[in-house]
Amino acid sequence: MASTDGSSLSKLDALIDGAYQQLSSSKTPVLCWRRLYTDACIWRTLAEFLPPHTEVPSSIALTCVARLDRAIIVAGACGQGRLELIHELISLIQVISLGLGPSSPNFSAQEHDLVPKSEIAFPQTYRRTVPRLETPPPFASFVSKYSKGPFIIPAYIEDWPAMNEHPWKSMEYLRSLGGPGRIVPVEVGADYRRDDWTQEMMGWDDFLSSMTTPDGPNGERKPVLYLAQHNLFSQFPALREDVIIPDYVYAPLPPPETYPMYVPPGNREQLVVNAWLGPKGTISPAHIDPFYNFFAQVVGRKSVWLAPPTVSPNMYPIPPPASQASNGVSPSLGNTSRVDVFSNYQEEFPLFQQYVAPEAMFAVLEPGDLLFFPPRWWHAMRSEDTSFSVTMWF
């Protein structure tokens, strides 16, 4: 492609739109559409910098950066070497067309933008607390004994760079990871079970600003924004260096008795690492996942409610719509309960009150805590402060 004209750009746009429609409408997106979407986004971006284009306006450069981010978010930057190429292109565009120069900010471990701690409302929908271990269990003991049920290891991740030299509680540090034009997928609304809940792409800097200015200029309430279950590390590789994966996630754990169909994630590492970042009040309703889970609380406090798989008949799951796609974009409502486990008023769910609450557990995770629970355990989370968490499915 020696030069580009309006016709060539339109054809590339059509390829991007067509591949996106295929990915959005398929329950199991075919690899070729992910690859096409990725490559078309790359070529469409490169086309902006080929003759006859001599100088690229900042507005177009910002569009290019966002397009490349979409290739990561929507299609996983599918194809050998594509993720690394996209990172290089984003950096080049930011330097050449958006004036981003080298910087060495000094991140203060004390600098943060968290709201003051508030009192925590403890629900009455549990009878037990999640066990806390005084010391991390030996690897063999984790495999043979502790992997059978939930537990918390207090202060286990206190040596992560994310809590020290690269503090995730520092908005200055988080802003430095992106640069101009970066976008992330966010949930709009505090609870994905509600009709007014939706998803959108949003500027990374704008999203971070929403953490510190949740209300409008006249005090009007803004929608709650939540970056939930997103592989933020694929967009900002430096974040991945701030995390120390526990050796436990590489344990050869067998399928639990309550879930004989368990298989680990299908990627090469058999590990899925996701980020969760949002303000006080964000909620993940009670739901189940198919993997073992280590949940690391990095910034702020988070309340966690847990119940064993045996209570599933009394959890009042939401029937999934027949048209709902299971493509990883929207939460699976079929695995989500209608019960608000953080509320004390459950008269409409008598079986829950009778059979689930006596078996349920509750805990408040402090910064540095590491929580573990097996597959198919019902769990719900509520942010008590501005919160940054990491999940490790294995």
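**Exercise 1. Cysteines**

Cys 32 is partly exposed, its relative accessible area being 46%. Determine, for this predicted model, how many disulfides the protein contains and how Cys 41 compares in accessibility class.

*Solution.* 
1. The class of Cys 32 follows from the cut-offs: 46% lies between the 20% limit for buried and the 50% limit for exposed.
2. Cys 41 has a relative accessible area of 1% and is therefore buried.
3. A disulfide requires two cysteine sulfur atoms within 2.5 Å. For Cys 32, the closest cysteine sulfur belongs to Cys 78 and lies 9.4 Å away, which is too far for a bond.
4. The count for the protein is zero disulfides.

**Exercise 2. Packing of H1 and H2**

Describe how helix H1 (residues 6-25) and helix H2 (residues 31-47) are arranged, and state which residues meet.

*Solution.* 
1. Two packed helices are described by the angle between their axes and the distance between the axes.
2. For H1 and H2 the angle is about 155 degrees, and the axes are 9 Å apart.
3. Angles over 145 degrees count as roughly antiparallel, so H1 and H2 are roughly antiparallel to each other.
4. The crossing of H1 past H2 is left-handed.
5. On the H1 side, the residues that meet H2 include Leu 9, Leu 12, Ile 16, Ala 19 and Leu 23. Their counterparts in H2 include Trp 33, Leu 36, Ala 40, Trp 43 and Ala 47.

**Exercise 3. Packing of H2 and H4**

Determine whether H2 and helix H4 (residues 82-96) are roughly parallel or roughly antiparallel, and identify the residues that join them.

*Solution.* 
1. The axes of H2 and H4 are 12 Å apart, at an angle of about 25 degrees.
2. Since angles under 35 degrees count as roughly parallel, H2 and H4 are roughly parallel to each other.
3. H2 passes H4 in a left-handed crossing.
4. From H2, Arg 35, Thr 38, Asp 39, Ile 42, Thr 45 and Leu 46 take part. They meet Arg 82, Leu 85, Ile 86, Leu 89 and Ile 93 of H4.

**Exercise 4. A loop residue**

Is Asn 314 buried or exposed, and which residues does it contact?

*Solution.* 
1. Asn 314 belongs to the loop between strand E9 (302-307) and helix H10 (350-356).
2. With a relative accessibility of 15%, Asn 314 is buried, because the class covers values under 20%.
3. Beyond its neighbours within four places in sequence, Asn 314 contacts Leu 351, Phe 352, Tyr 355 and Val 356.

**Exercise 5. Confidence**

State the mean pLDDT, and identify a stretch where the pLDDT is below 50.

*Solution.* 
1. The mean pLDDT is 90, and 89% of the residues reach 70 or more.
2. Residues 323-330 have a pLDDT below 50, and this stretch has 14 contacts in the model beyond near neighbours in sequence.
3. Where pLDDT is low, the predicted coordinates should not be read in detail.

Definitions and conventions. Residues numbered from 1 in each chain as written. Predicted model: local features only at pLDDT ≥ 70, side-chain atom pairs only at ≥ 80, totals over all residues. Heavy atoms only, no water. Buried < 20%, exposed > 50% of the residue type's maximum accessible area, 1.4 Å probe, protein only. Helix = DSSP H or I, 4+ residues; strand = E, 2+ residues; numbered from the N terminus. Contact = heavy atoms within 4.5 Å. pLDDT = per-residue confidence, 0-100. Axes fitted to C-alpha atoms, helices over the stretch in contact; angles between N-to-C directions. Parallel < 35°, antiparallel > 145°, perpendicular 65-115°, else oblique. Left-handed = near helix turned anticlockwise from the far one by under 90°.
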